[in-house]
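Welcome! Keep the picture open while you read.

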Amino acid sequence: MKYLLTLISGVLTGLAMPGNLFSFFIWFSLVFFLRNIARSKTHYERLLHTIIYSSSMLVTTLWWLLPTLSKNIPQILKNYSPIVGFFGYVGMIILLMIPYLIIWLLSELYHRKDRQYNYLSLVFFYSFAYTVAEILRGFGDLAFMGGNLSYALYDHTGIIQIASIIGSFGLTFIIVFVNALIAFDNSRDKVFKILAIFTTIYISNFAIVRYLPPINGTNDSIKVGVVQTNVPQEIKYSSNPIQDYSTFSKNIEEFKNRDVDVVVFPESTFLEDISKSEIESQMVRDIQNLYKPVILGHPRIGNDNHFNSAWVYNPHGSIEGIYDKVKLTPFAEFLPYETIFGNFDVFRLLNYYTPGEDYLTFSLNETDIGVQICFETYFPEVSINQAKNGANLLIAISNDGWFNSKTGLFQHFSQGVFRAVETRRDFIQVSNTGLTGSIDKYGRITNIFESKEEKTGIFFVNPNDNISFYSKASDILKILFFIGALLLAIL
């Protein structure tokens, strides 16, 4: 029965994630897992509880990747069979589970036979240990941050304001802390305390929201033209640059005689490097006729290396700069640890890319813009480094046409909520099939397009030059979480 309760704990946590069910679940979903791992008598029991919880949580959170890997990609690219995609999904879940084993390892130190511990010691230990597990998920070539507890709070606009100080990992600490207060409380007035906790959480959330400044969208704002091209992957991956240019030209015409400061197209506007080609010459003429800066995505080839790149053109049609994606997606865009995973190159989408070296920013119309590509939005350090490098506005371009599920699309889009608050920068995502939208520096979604529709629009955003505390201290805070977890485990 106890293992079933741990399974339920993982499922409830996954259901709290964006696009699934109710974010409210996150405030109590870990209770069974925490209670069971703390009460376990053997190493084996604690390990099994950790495996059951992490696997069920990840599967429930990232279920939308199963049809992507086993159906959508093989149908279009025909580079592997659906059964290979299924086992690829299982392998991905196993790899993502590995960092959670740090909870088990630390708990072995904490629950040693001669250990004396009390209620608050348990609460703080598991809060630190779980937070460290999530931090570890961001390290190495297999890094992927989907499923972090804090992301369930995307709609808790008041509470997430603290992310500008402690980041999304700090929010995870708070979530586990609340769950642990409930899990380890054996007092008679437990029900009253739980009600008091939930009441405090939601009164605080609503109170903070009430006192946030109103959403600012005026003529003094930066006006960003966005294009959701909505080209299905089966068409995009069978098209040629001429067809891609036709889509580009048709959509850029939409902004003639409209008051915009910059126009943004999605990742993979073109599927091949069109630089120094006739297609680029035609595209440049369109940009010159519009006489506005344009940002778009297509691969770049340089010195026999392929890069997944964002290209920034000034109003004259000259290249203002190129951003090469730094945080590449494992297996899809590069092969991690080739000696181990040498046979996994079947999951390559187009080309294997070389990672970029710098988190560049670009100055357009006196606004410094940080451009990031696709799943880079899952990594706080991308937005933080761009903000430190002078970006006062963040823009992400993406091609999420592989995901037919709105859950997957929204989980990706909701990353912008946290990157906006952590850096106090307005954030825009422009995606091929959706979701395209804008988020202000307080994490409020100010615009969002429906998925699977071709649409253009203008988003009003406001640059901000101030560097948040979290942007300055994020690395130090991570170290402090590690130190706290280790000290509580061994002392």
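## Salt bridges

Start with Asp-185 and Lys-193, whose side chains meet in a salt bridge with an N to O distance of 3.8 Å. Keep in mind as you look that this is a predicted model. How does the setting of each partner compare with the cut-offs for burial? Asp-185 has a relative accessible area of 7%, so it is buried, because buried means under 20%. Lys-193 has a relative accessible area of 34% and is therefore partly exposed. This pair also belongs to a network of salt bridges that links Asp-185, Asp-189 and Lys-193.

The count of salt bridges comes to 13. Another one joins the side chains of Lys-256 and Glu-253, at 3.2 Å from N to O. Here Lys-256 is partly exposed at 33% relative accessibility, and Glu-253 is partly exposed at 39%. A further salt bridge brings together Arg-444 and Asp-440, with 2.8 Å from N to O. Are these two residues buried or exposed? Both Arg-444 and Asp-440 are buried.

Now find helix H5, which runs over residues 82-97.

Which residues of H5 are buried? They are Gly-85, Gly-88, Tyr-89, Met-92, Ile-93, Leu-96 and Met-97. The buried residues of H5 pack against helix H3 (43-61), helix H4 (65-77) and helix H6 (101-110).

## Aromatic rings

Next come the rings. The structure holds 32 aromatic pairs. One of them is formed by Tyr-202 and Phe-206, with ring centres 6.3 Å apart and planes at 45 degrees, so this pair is tilted. Tyr-202 and Phe-206 are four residues apart in helix H9 (residues 190-210), which means that about one helical turn separates them.

The two partners have their own surroundings. Tyr-202 is buried, with a relative accessible area of 19%, while Phe-206 counts as exposed at 55%. Both rings are part of one aromatic cluster, made up of Phe-22, Phe-24, Phe-25, Phe-28, Phe-198, Tyr-202 and Phe-206.

## Charges over rings

The charged end of Arg-300 sits over the ring of Phe-307, 4.3 Å from the ring centre. In another place, Lys-327 lies over the face of Phe-379, at 4.7 Å from the centre of that ring.

## A visit to His-412

Our last stop is His-412, which lies in helix H15 (residues 406-413). His-412 has 0% relative accessibility and so counts as buried. What does His-412 contact, leaving aside its neighbours within four places in sequence? Its contacts are Cys-374, Phe-375, Thr-377, Tyr-378, Ser-398, Asp-400 and Gln-429.

With Asp-400, the side chain of His-412 makes a polar contact of 2.6 Å.

Note on methods. Residues numbered from 1 in each chain as written. Predicted model: local features only at pLDDT ≥ 70, side-chain atom pairs only at ≥ 80, totals over all residues. Heavy atoms only, no water. Salt bridge = Lys/Arg side-chain N within 4 Å of Asp/Glu carboxyl O. Buried < 20%, exposed > 50% of the residue type's maximum accessible area, 1.4 Å probe, protein only. Helix = DSSP H or I, 4+ residues; strand = E, 2+ residues; numbered from the N terminus. Expected span 1.5 Å × (residues − 1). Contact = heavy atoms within 4.5 Å. Phe/Tyr/Trp six-rings, centres within 6.5 Å; stacked < 30°, edge-to-face > 60°. Lys NZ or Arg CZ within 6 Å of the ring centre and 35° of its normal. Polar contact = N/O pair within 3.5 Å; in protein donor to acceptor, adjacent residues only side chain to side chain.
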